[in-house]
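This report describes aromatic contacts and a surface patch. Please consult the structure below while reading.

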Amino acid sequence: MADSAPADSRGGRGGFGRGRGTRGRGGRGRGGRGRGRRDDGEQAWVPVTKLGRLVKDGKIKSIEQVYLFSLPIKEYQIVDAFLPKLKDEVMKITPVQKQTRAGQRTRFKAFVAIGDSNGHVGLGVKCAKEVATAIRGAIILAKLSVIPVRRGYWGSTLGAPHTVPAKVTGKCGSVVCRLVPAPRGTGIVAAPTPKKILTLAGIIDCYTTSRGSTKTLGNFVKAAFVAISNTYSFLTPDLWAETALTKDPYQEFTDFLAKEAAKKSKY
Amino acid sequence: MRVFRSQLPEQNQIYVLQESEDGADSAEDEDTAADSNVSWSLAENVKPARQCAVCGLLGGKACSKCHHRVYCSRGHQVADWNAGHRVQCGQARSPAPEAAAHTRKLQLMLYPEHVISSEEDEDEGQQDAGNEDEESDDEGEDNEGIKPESMAIVPVTDERVEDSEVDVDRAFLLFQRRIQKNPDQVIRYTRSSDQNEPLFVSDTGKPEGRVDIPDCELCGAAREFEFQIMPQMLNFLSISSTDSASVDWGTLLVYTCPSNCSSAEPAATYAPEAICRQNFSSHGIGEKYVRAMHGDDS
């Protein structure tokens with residue numbers, strides 16, 4: 001579109017000739033310039049789903065509200081909007097080769113863990129021809145796999161929760177990773193790999209035990225991730241009481257979410 | 001949901017082409033010359049139809065008092081009356097601020113107007129190669145500590161080579177990747193018939209053959225995909241998102257007759273075409289959370 005810029009600059013001279021017929025060209029130039037990239041190299045997010053539009057307008061306050069009514073999140077920018085303090089950590093980049101007729105084809109596999117150190121963690125694995133693409137893709141997959149972490153107490157329920165609520169375990173391949181509650185001040189007693197994920201999850205104290213071929217980082221980190229995600233599926237006595245669904249009738253947006261839940265429950 | 005096509009060939013009896021006298025200035029760029037000096041005007045013996053004062057459609061009914069303003073329906077007549085015609089019906093000219101307020105109120109009833117600029121969608125393969133070269137240089141500075149480990153082949157014993165699985169369906173991820181280059185695109189138009197695969201937003205709900213896309217009623221040819229309306233359009237139409245009855249779609253696919261036929265009588269200028277709607281699937285993150293909260297370990 002090299003000709004759109006000079007065409008605009010000659011607007012003064014061709015002024016009276018620019019009537020209805022030239023609106024399209026002016027628009028094209030405007031669109032090209034206005035669509036510039038922001039400083040962080042990304043373009044502004046234009047939401048595609050209805051939930052995305054609501055989130056972009058700021059109508060929904062927290063991600064838990066969305067989960068409560070089981071609305072599917074399809075765009076990773078929604079996770080970004082709810083959890084702006086997500087930190088990503090590239091755990092490893094390995095080259096992976098495949099034998100083809102024309103020699104070997106090398107791709108790079110990136111492991112990225114993401115978390116806000118306050119109850120949300122995600123893990124993404126992406127294989128791509130270039131390192132930067134793999135990292136970018138892994139970050140997006142990590143955001144799309146963000147899971148909440150339930151934290152509890154080791155002994156007295158004094159202060160904020162600091163450890164896993166119960167002994168949980170996760171398995172991937174041959175690696176089994178077990179997380180055990182620990183008293184305050186212990187810190188995370190783990191190998192470097194699960195330690196990174198547990199820190200990103202916001203778990204402050206934890207004992208861990210692992211078994212199997214922990215050298216395979218892919219399986220090790222997935223096992224730790226599965227163990228963390230099991231914290232919310234563990235039924236502890238304090239969850240025995242039945243909770244009533246509350247709905248604030250004065251918030252029209254909670255209303256919308258409730259209508260969606262009602263629609264779903266009709267299936 | 002219906003869609004109609006109305007088109008005129010370039011040589012027609014209603015509009016005539018008028019070249020302007022600006023030929024000397026545009027010697028530099030022939031392309032610009034052809035576009036910026038062309039203008040169309042109505043032929044002499046053509047009388048334009050009267051347009052509804054609110055929406056611009058054919059105005060069949062006139063205001064019974066002054067017979068100046070015409071409307072397409074009773075609803076628009078009532079709306080215009082309340083918006084300001086009640087005061088100035090019968091008067092010659094109304095004062096400027098009230099006229100401006102009147103037009104503003106009328107505009108609020110319609111969707112906002114925007115300009116659509118059209119650009120070509122770059123070919124995926126070339127674009128990827130070009131971008132990646134630039135960006136890997138930038139990323140190299142950020143990730144100096146991260147270098148791929150020595151070129152040892154990863155043993156393929158336990159490890160699976162695929163990417164991690166997410167709950168979001170694959171078709172949507174591909175769709176998002178494709179629109180990432182131009183996130184504010186609202187219409188995707190295909191000009192050639194060998195590129196007429198629409199960009200689907202999910203695996204389910206794709207229109208199938210003759211059932212969803214009937215053949216053209218006038219000439220019997222099988223309809224082909226022409227353009228699709230993207231969901232980003234809903235951002236620009238200022239529709240209330242919180243109303244659960246408001247319109248929402250994944251994408252609207254318009255299939256048209258490839259020979260652009262029109263019926264024989266000159267009066268019939270609208271030809272019906274086929275439109276299909278594809279909604280987003282219900283896959284997405286959050287389902288795992290809900291399952292985890294309810295104790296399902298799968």
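## Aromatic cluster

Phe172(B), Phe175(B) and Phe280(B) form one aromatic cluster. The model is predicted: local features need pLDDT of at least 70 and side-chain atom pairs pLDDT 80 or more, whereas totals for chains, interfaces and linings use all residues. Residues are numbered from 1 along each chain as its sequence is written, chains are lettered from A and ligands numbered from 1 in the order written, and side-chain values use heavy atoms, without hydrogens and water.

## Aromatic pairs

Over all chains, four aromatic pairs are found (ring centres of Phe, Tyr or the six-membered ring of Trp within 6.5 Å; planes under 30 degrees apart are stacked, over 60 edge-to-face, the rest tilted). One of them joins Phe172(B) and Phe280(B) edge-to-face, at 5.6 Å centre to centre and 80° between the planes. Phe172(B) lies in helix α5 (residues 170–179) of chain B, and Phe280(B), 108 residues apart from it, in the loop between β9 (271–278) and α8 (287–293) of chain B; helices (H or I, at least four residues) and strands (E, at least two) are DSSP runs numbered from the N terminus. Both Phe172(B) and Phe280(B) are buried (under 20% relative accessible area; exposed is over 50%, partly exposed in between; 1.4 Å probe, protein chains only).

Phe225(B) and Tyr255(B) also form an edge-to-face pair, with 5.8 Å between centres and 65° between planes. Phe225(B) belongs to strand β7 (residues 224–229) of chain B and Tyr255(B) to strand β8 (residues 251–256) of chain B, so the pair ties together parts 30 residues apart in sequence. Phe225(B) is buried at 8% relative accessibility, and Tyr255(B) is buried at 7%.
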